[in-house]
Amino acid sequence: MQNGKFKIHLLPNNITFLCRENETILDAALRAGIELPHGCTKGGCGVCKIKVKGKVEFGRVSKVMLTDEEKENGFCLSCRAIPLEDIQISLVDGSPARVVRYDEFYSFLFKTRTNL
Amino acid sequence: MPFRISRLGYVEVRVLDLDDALDFYTNVLGLQLVERAGKKAYLKTWDEQLAYSVILTESDSAGMVRAAWRTVDPEDVDYFERKLRQYEVQYQVIPEDYKRGKAISFKTPSGHTFEIFYEIEIPGNMLPKESPDPWPRDLKFDAINPPKIDHTLITAPDPTKMIRFCEEVLEFRATEYVVNSEGQPIAAWLYQARQQPHDLAIVPGREAGMHHFAFHISSAQDIFRAADIMVMNDVKIDWGPGRHGITRGSGIYFFDPFGNRIETFGGYTAYLFDPGAKPITWTEETMGKGVFYYERKLVETFLTVYT
């Protein structure tokens with residue numbers, strides 16, 4: 001945790017971004033310029049399913065798109081899941097997520113901010 | 001061949017929380033609540049004659065429970081019962097449901113539950129039967145308030161088979177197709193007696209999937225008003241306001257609070273279809289422009305995101 005915010009580490013991109021209090025993983029990622037796949041953003045379509053290590057509040061989601069078993073096995077819907085601690089995430093197929101603007105400059109700003 | 005189905009009567013849609021659903025469907029979309037009964041709520045638009053057009057059912061997932069088609073005449077229900085027997089389609093007779101009489105219920109090749117019915121209470125719309133004004137004064141002024149339910153677009157693992165079923169057994173007629181390189185339809189826009197671009201559309205996708213259901217909005221101007229209301233209420237817009245090449249309609253795709261896609265659709269006055277005229281075809285190459293005319297390509301979420 002950093003200044004009341006949780007850190008989200010994205011693999012295999014190997015980049016970290018911050019999540020505000022009560023912010024979903026998806027909102028935090030999009031704000032940081034990381035294009036996690038997403039669809040309805042309401043927990044209904046399942047397109048934003050990701051792997052997650054660490055505690056999250058799963059939020060109101062369709063049990064068909066995220067089963068109880070998947071919840072136990074480290075999956076969540078990023079559009080609804082809210083981190084409860086520093087977490088690590090990756091796409092279901094293990095591929096890198098599309099990054100729109102997490103460039104060196106942004107990383108520099110990020111480091112500056114987190115070092116405050 | 002006469003038309004035996006008048007229109008899409010109602011859709012039943014699963015929601016994850018009925019209180020939140022009713023807030024959205026009545027205050028933002030502007031549907032009228034007919035009655036809330038346990039885990040279900042029955043709603044209708046202000047200009048519909050029949051008892052209801054949308055059923056919301058609290059469940060642990062989103063998506064469609066059933067779509068029901070109302071026949072033109074009472075005898076047409078028996079006609080389709082015979083037809084289902086002839087095509088060896090398993091069906092059930094449901095003697096009655098909320099404010100509704102007999103229906104036949106069956107699974108389509110796409111895995112959807114369809115019903116065919118005639119008898120339903122007809123309380124009328126929100127206008128008087130004598131010398132009515134064109135619209136009621138007591139609608140919520142900042143809700144979308146569509147006048148009627150329009151169509152539904154569903155997904156099928158074998159769309160060609162589903163399209164054939166709808167045409168042969170349910171006697172839908174096609175206004176437009178997307179055909180593959182072998183000339184087989186892989187998507188179709190199908191209509192019934194209420195001559196409009198479509199009552200039912202089919203695209204490739206998961207079994208029993210609901211891509212969206214739609215409400216009519218009469219003018220493009222009203223579609224922009226609907227978009228304003230969506231933004232005012234922080235509703236997630238999927239696409240639009242935009243124009244479809246197929247149907248020439250204008251619309252907005254947006255999501256209810258549980259991820260069910262809804263469309264406000266209309267402004268297709270240029271679209272005239274004469275029974276007997278040849279359907280329009282689009283190819284896999286031109287399908288992008290067909291679905292999203294201005295973007296000229298499929299928006300990424302079109303074939304992947306649905307409930």
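Analyst: Helices (H or I, at least four residues) and strands (E, at least two) are DSSP runs, numbered from the N terminus. This is a predicted model, in which local features need pLDDT of at least 70 and side-chain atom pairs count only at pLDDT 80 or more, while totals for chains, interfaces and linings use all residues. Residues are numbered from 1 along each chain as its sequence is written, chains are lettered from A and ligands numbered from 1 in the order in which they are written, and side-chain values use heavy atoms, with hydrogens and water left out. As a case, B:Val291 belongs to helix H5 (residues 287-291) of chain B.

User: Is B:Val291 buried or exposed, and which residues does B:Val291 touch?

Analyst: Buried means under 20% relative accessible area, exposed over 50%, and partly exposed in between (1.4 Å probe, protein chains only). B:Val291 has a relative accessible area of 4% and is therefore buried. Contact means heavy atoms within 4.5 Å. Leaving aside residues up to four places away in sequence, B:Val291 touches B:Arg243, B:His244, B:Gly245, B:Ile246, B:Leu298 and B:Phe302.

User: How is a sheet read, and in what order do the five strands of chain A stand?

Analyst: Strands of a sheet pair through backbone hydrogen bonds, either parallel or antiparallel. Two strands count as paired if DSSP finds at least two bridges between them. In chain A, five strands form an open sheet of mixed pairing, in the order S2-S1-S8-S4-S6. Strand S2 (15-19) and strand S6 (75-77) of chain A are at the edges with a single partner strand each, so one side of each has no neighbour in the sheet. From one strand to the next, the twist averages 35°; axes are lines fitted to C-alpha atoms, for helices over the stretch in contact, and angles run from 0 to 180 degrees between N-to-C directions. Strand S4 (residues 49-53) of chain A runs antiparallel to S6(A), and three bridges join them. A:Lys51 stands opposite A:Phe75 of S6(A).

User: What is the strand order in the sheet of eight strands in chain B?

Analyst: The order is S2-S3-S4-S1-S5-S8-S7-S6 in chain B, and this open sheet also has mixed pairing. Its edge strands are strand S2 (32-37) and strand S6 (91-94) of chain B, each pairing on one side only. Here the twist averages 20° from one strand to the next. S2(B) and strand S3 (residues 40-44) of chain B are antiparallel and joined by five bridges; B:Arg36 has B:Ala41 as its bridge partner in S3(B). Helix H2 (residues 75-86) of chain B packs on the sheet, where the strands touched include strand S1 (5-15) and strand S7 (103-107) of chain B, and the direction of H2 makes about 30° with that of S7(B).

User: Where do B:Arg261 and B:Asp238 lie?

Analyst: The closest N and O atoms of the salt bridge between B:Arg261 and B:Asp238 are 2.9 Å apart. B:Arg261 lies in strand S16 (residues 261-266) and B:Asp238 in strand S14 (residues 237-243) of chain B, so the pair ties together parts 23 residues apart in sequence. B:Arg261 is buried at 1% relative accessibility, and B:Asp238 is buried at 14%.

User: How is the interface described, and what area is buried between chain B and chain A?

Analyst: The size of an interface is often given as the accessible area lost when the parts come together. Buried area is the accessible area (1.4 Å probe) that two parts lose on being put together, summed over both. Between chain B and chain A about 1,200 Å² is buried, with 60% given by carbon and sulfur atoms. B:Leu16, B:Asp60 and B:Lys236 supply 34% of the area that chain B buries against chain A, more than any other three residues. The contact takes 19 residues from chain B and 16 residues from chain A. One salt bridge is counted between chain B and chain A; B:Asp20 forms a salt bridge with A:Arg60, with the closest N and O atoms 2.6 Å apart.

Terms used:
Salt bridge = Lys/Arg side-chain N within 4 Å of Asp/Glu carboxyl O.
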